[in-house]
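User: I would like to learn how to read salt bridges and surface patches in a model of this kind. Could we go through them one at a time?

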Amino acid sequence: MAEKKHYNGLTDAEVLESRAKNGVNILTPAEQTPLWKRFLEKFGDPLIIILLIAGALSIGISCYEFWGLDKGAGVFFEPIGIFIAILLATGLAFIFELKADKEFALLNQVNDDEPVQVIRNGNVTQVPRKDVVVGDIVILNTGEEVPADGELLEAVSLNIDESTLTGEPMCPKTTDPEQFNPEDTFPSNHAMRGTKVMEGHGVMKVLAVGDKTENGKVFEAAQIDDSVKTPLNEQLDGLGDLITKISYAFAALIVVGRLIMFFVGMDGFNWVEFVAYLLQTLMIAVTLVVVAVPEGLPMAVTLSLAYSMRRMLKTNNLVRKMHACETMGATTVICTDKTGTLTQNQMQIYKTNFFGNPSDEVLYEGIAVNSTAQLDLSESKPQVLGNPTEGALLLWLRERGADYAKLREEAGRLEELPFTTERKYMATVVKSATGKKILYVKGAPEIVFGMCKDTAGVTKQEIDAQLLEYQNMAMRTLGFAYQEIQDGDKTILDGKVAAENLTFLGIVAISDPVRADVPDAVKEVMDAGIQVKIVTGDTPGTAKEIGRQVGLWNDATDGDENIITGTEFAELPDDELRKRVGKIKIIARARPMDKKRLVETLQGNNEVVAVTGDGTNDAPALKAAHVGLSMGDGTSVAKEASDITIVDNSFSSIGRAVMWGRSLFQNIQRFILFQMTVNVAACFIVLAGAFMGTESPLTVTQMLWVNLIMDTFAAMALASLPPSESVMKDKPRSREAFIINRPMWQSIVGVGGIFFLLLLGILYIFEHYDVQNILQIFSFNSQTVDANNPSLTPVELSMFFTIFVFLQFWNMFNARAFETGRSAFHFKNCGGFVLIALVILIGQIFIVSVGGEFFNVTPLSFIDWVVIIGATSLVLWIGELVRLFKK
């Protein structure tokens, strides 16, 4: 240990000069996006853009009809409805994310006023952490957070927890060059901002403050928005393009077809007639474009994400950004850290090997008094204060009913030799509760064993073999010895144990055990086709052993190409890394920015990447990933950079998030199936009407009910479907795959086409016959031919509207059962769906009964309702037969 020196520190003038030159010791917070701008960003959604265009066109038509054709104010219902749909979808998404942000606001508060001991003007004084400057001499004590990056001038038994930066919970620090560890992520004589002094004390000279510290660089990297496009956004982009192209194609067909009909049927050309006809044609074409746009889809996606956001919290996934709910389902790679995610982040005794049958009194007292750790018992779960390895020993005593605090009180300490990296052991002399004077020694087993005269019948070869076994299992080991001191016996001299009759007690193996649920959770996500990669600051041996225990590493099939150190990783050129990255399973001794580079490389290979992390070092990777998963007890910087916080810190919660994400995507697909079938039927009805010379039998307000209100309820119903565990048997979906797959296309075109033909037939009957009740459709002889007046009566319009709605209503049940392999009548855990279906049913009856002129309807008889509901339910029964045969 270096000899103590006198430090003068900086003068007041030098402090001001240093602050002006090197800046203040505050991390520059990320620039907050104004609320208005965040709201406007919601309008960048591809489907919202289509709706805005449709809304603008609809306003144009309504203005022409109101002022040019002298129609009533009701013509403005359609554009109003479209803009209500836009505001609901964007507003809901904005409100839900704003609410989640408020829950996270406290996590970003950093206390920069915490007092720090510094030497200035030759005196020890306290200053707020934010006032520390480059060149300051800082005094570090146990339990304190290191305020800035610096070089150690003194280090006495100094151990620092660097897990927030490297994942390494205990790093011995020294100023002796001979004791430097070249494998350490940061130099052995450096202390870094944001790390915590676990043991000992020291003095350091500040080298960097604020944004220029390693912690600051990581924090800054975490603010960079790489604007990674989520898989769902890509899918909806594609769907938006498709809807646009199809609706424009239909509109063009209408214009061309009607112009041909005009020129074929004209007796003589008249400009006035032609312009009027052309305007009418364009209005029909634009109406079809508006009908084709699924107004309810943005709302459906928002409601599905919001519902999942709320429900996922019950599975310990606190979702901050809505898109993350679904993106988890598309994940192809999970990059995870080790400590606290795969392991319990609490050192525990794995195995004890005591020799010569020592008494419990000696063992328990030796462990209790020869330790500097403490246990915080104020909560239900004991918390270790101090060295986690020593804490494991105290927890072991507690499990055996021994009170370490009482044992310490009963044994008076006479002498103490603290642990140093040079000695590799610590020793304590006590006046035992038995009245004897005893020397207890604890440290590196090979060192302690070599100091012992009585080895309890164990050979060095046996000890070495045991140590090798435990080291291969990535465990820490401690050796124990003791000696009863007689008068005249030597104990501690010149900073060393001088006792000559030590008895070896044995070895204890200590590990940070893998969480009990992790092996099954890792297997679950790997069986689901998702790769798992471990990125840790631990040694390759430790990382590999954890990989074995969780089921990721297999000695028979995995080799050097599957594991790499941070140094080797940093040296790989980008092109070579892109080729190798798929095979890498473990990165050991990783530096903070290694995980971010790994994420970006995987994304370059078109992978969908989720990252777990709890430390400040993980923040850049959490931000860069498609989904960042922070741990509930992680640092505020990590949580701020993440999209989801795993409240219980468990990897198994990640598997549940994947299941929710995949189920959510299926629910969105089911809604698209449902709504596109509605739109196909509606578009063909408008198209046929254009060529038949008749107006659409569905009025503006009726289409508003179908496209907005009913679809919103349907979205809620389909979004409320519970997740299915069967989705975990599938492989991740391809990012290139279109959101509408082949079975969906067949159903949309097939069912939509059948609905169109059925509705066209009913429309033909209503136009050519005077139908007063629905039963007349089934008995043509009793119907009165009404060929001179092809327009529909209010009763016929009401029946047509109701038939159209109930065809879609029953088809919603078919959409619900899509790709589930189950009956549409499987209602377990689907109370929400049943309730919303009843709301739609009652809503339709209410609208037809009291809607009057607003909806252009008239009340129907009880028989009409029974026949329409019963006849249209064939849609569901036929769907059930199809599903039965498919089994």
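User: Which residue forms a salt bridge with Glu561, and how far apart are the closest N and O atoms?

Analyst: Side chains of opposite charge can pair when their charged atoms come close. The term salt bridge is used here for a side-chain nitrogen of Lys or Arg within 4 Å of a carboxyl oxygen of Asp or Glu. In this predicted model, Glu561 forms such a bridge with Lys583, the closest N and O atoms being 3.8 Å apart. Glu561 lies in the loop between α16 (540-550) and β21 (563-565), and Lys583 in the loop between α18 (574-580) and β22 (586-588), so the pair ties together parts that are 22 residues apart in sequence. Helices (H or I, at least four residues) and strands (E, at least two) are DSSP runs, numbered from the N terminus.

User: What should I keep in mind about the numbering and the confidence of the model?

Analyst: Residues are numbered from 1 along each chain as its sequence is written, and side-chain values use heavy atoms, with hydrogens and water left out. Because the model is predicted, local features need pLDDT of at least 70 and side-chain atom pairs count only at pLDDT 80 or more, whereas totals for chains, interfaces and linings use all residues.

User: Are Arg120 and Asp136, which meet in a salt bridge, buried or exposed?

Analyst: Buried means under 20% relative accessible area, exposed over 50%, and partly exposed in between (1.4 Å probe, protein chains only). The side chains of Arg120 and Asp136 meet at 2.7 Å, N to O, and the pair links Arg120 in strand β1 (residues 115-120) with Asp136 in the loop between β2 (123-128) and β3 (137-140), 16 residues apart. Arg120 is buried, with a relative accessible area of 11%, and Asp136 is buried at 0%. By contrast, Glu561 is partly exposed at 43%, and Lys583 is partly exposed at 49%.

User: How many salt bridges does the structure hold, and which residues are linked in a network?

Analyst: The structure holds 20 salt bridges, and Glu545, Arg548 and Asp555 are linked in a network of them.

User: Which helix supplies the largest share of the nonpolar patch?

Analyst: Patches are made of residues with over 30% relative accessible area and no salt bridge, like charges being joined within 9 Å and nonpolar side chains (Val, Leu, Ile, Met, Phe, Trp, Tyr) within 5 Å. Accessible areas come from the Shrake-Rupley method with a 1.4 Å probe, and for residues only the protein chains shown count as cover. Here the nonpolar patch covers about 820 Å², with Phe825, Leu838 and Trp877 among its residues. The largest share, 4 residues, comes from α29; Trp877 lies in that helix and is partly exposed at 47% relative accessibility.
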